[in-house]
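Have a look at the structure first, then read on.

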Amino acid sequence: MDYKKKLQSRLYLAAAYMAIGLVLTIVAFVAKTDNDFIPFFGIGLIVNAILRFRQYRRITKDESTIKQQEIAEKDERNLMLLEKARSWAFGFYIWFTGTVLIAFAILGVHETLVQMISYSICLMVLIYWICYYILKRKY
């Protein structure tokens, strides 16, 4: 796929997110639900979509900015840094939540909260191992 077309599709996706956020916000205010999550989620989606839309619109206007963005996304060093940062974030998350889990258990914090944190750690590690074995077979 041509990189300019890829950026254009991201631009359209940002516009779609903006529309979804607008629909969520309008429906939440018209329906007057007790759920406070939906309108703020819609507003957050709108703000994020506007920022992304402006960013991709600015990038796609000039051929040199398209080339700079393509280099930034496809450069091997940038990709290596991205993978390393993702790996570190995963490791920090597992160790931090494990430590919090132990502290909560010692302090006698509500059992349901501790159980949910435990399940999230187990799910993350399970996803990690599944991805590892898929990549191991692929490469």
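Predicted model: local features only at pLDDT ≥ 70, side-chain atom pairs only at ≥ 80, totals over all residues.

For the residue classes used below, Ala, Val, Leu, Ile, Met, Phe, Trp, Tyr, Cys and Pro count as nonpolar, Asp, Glu, Lys and Arg as charged, and the others, Gly among them, as polar.

**The largest pocket**

- The largest pocket holds about 350 Å³ of space.
- Its lining is made up of Glu-83, Arg-86, Ser-87, Phe-90, Met-124, Ile-127, Tyr-128, Cys-131, Tyr-132, Leu-135 and Tyr-139.
- H4 and H5 each put at least two residues into that lining, and H5 gives the most, with six.

**H4 against H5**

- Helix H4 covers residues 76–107 and helix H5 covers residues 111–138; their axes come within 10 Å and cross at roughly 155°.
- An angle over 145 degrees counts as roughly antiparallel, so that is how H4 and H5 run relative to each other.
- The crossing of these two helices is left-handed.
- On the H4 side, the contact uses Phe-90, Tyr-93, Ile-94, Thr-97, Gly-98, Val-100, Leu-101, Phe-104 and Ala-105.
- H5 answers with Leu-113, Val-114, Ile-117, Ser-118, Ser-120, Ile-121, Met-124, Val-125 and Tyr-128.
- Sorted by class, the H4–H5 contact has 14 nonpolar residues, four polar ones and no charged ones.
- Phe-90, Met-124 and Tyr-128 turn up in this contact and in the pocket lining too.

**H3 against H4**

- Helix H3 (residues 63–74) packs on H4 at an angle of about 50°, and the axes are 5 Å apart.
- H3 and H4 are therefore oblique to each other.
- Ile-71, Ala-72, Glu-73 and Lys-74 of H3 touch Glu-76, Asn-78 and Leu-79 of H4.
- That contact divides into three nonpolar, one polar and three charged residues.

**H1 against H3**

- Helix H1 (residues 3–31) packs on H3 at an angle of about 90°, with 10 Å between the axes.
- That angle makes H1 roughly perpendicular to H3.
- H1 brings Tyr-3, Lys-4, Leu-7 and Arg-10 to the contact, while H3 brings Glu-63, Ile-66, Gln-69, Glu-70, Glu-73 and Lys-74.
- Here the classes are three nonpolar, one polar and six charged.
- Glu-73 and Lys-74 of H3 take part in this contact with H1 and also in the one with H4.

Methods. Residues numbered from 1 in each chain as written. Heavy atoms only, no water. Axes fitted to C-alpha atoms, helices over the stretch in contact; angles between N-to-C directions. Helix = DSSP H or I, 4+ residues; strand = E, 2+ residues; numbered from the N terminus. Parallel < 35°, antiparallel > 145°, perpendicular 65-115°, else oblique. Left-handed = near helix turned anticlockwise from the far one by under 90°. Contact = heavy atoms within 4.5 Å. 1 Å grid on protein atoms, 1.4 Å probe; cavity = no way out; pocket = protein on both sides within 12 Å on 5 of 7 lines; lining within 4 Å. Points joined across faces, edges and corners; volume = space filled by probe spheres on them.
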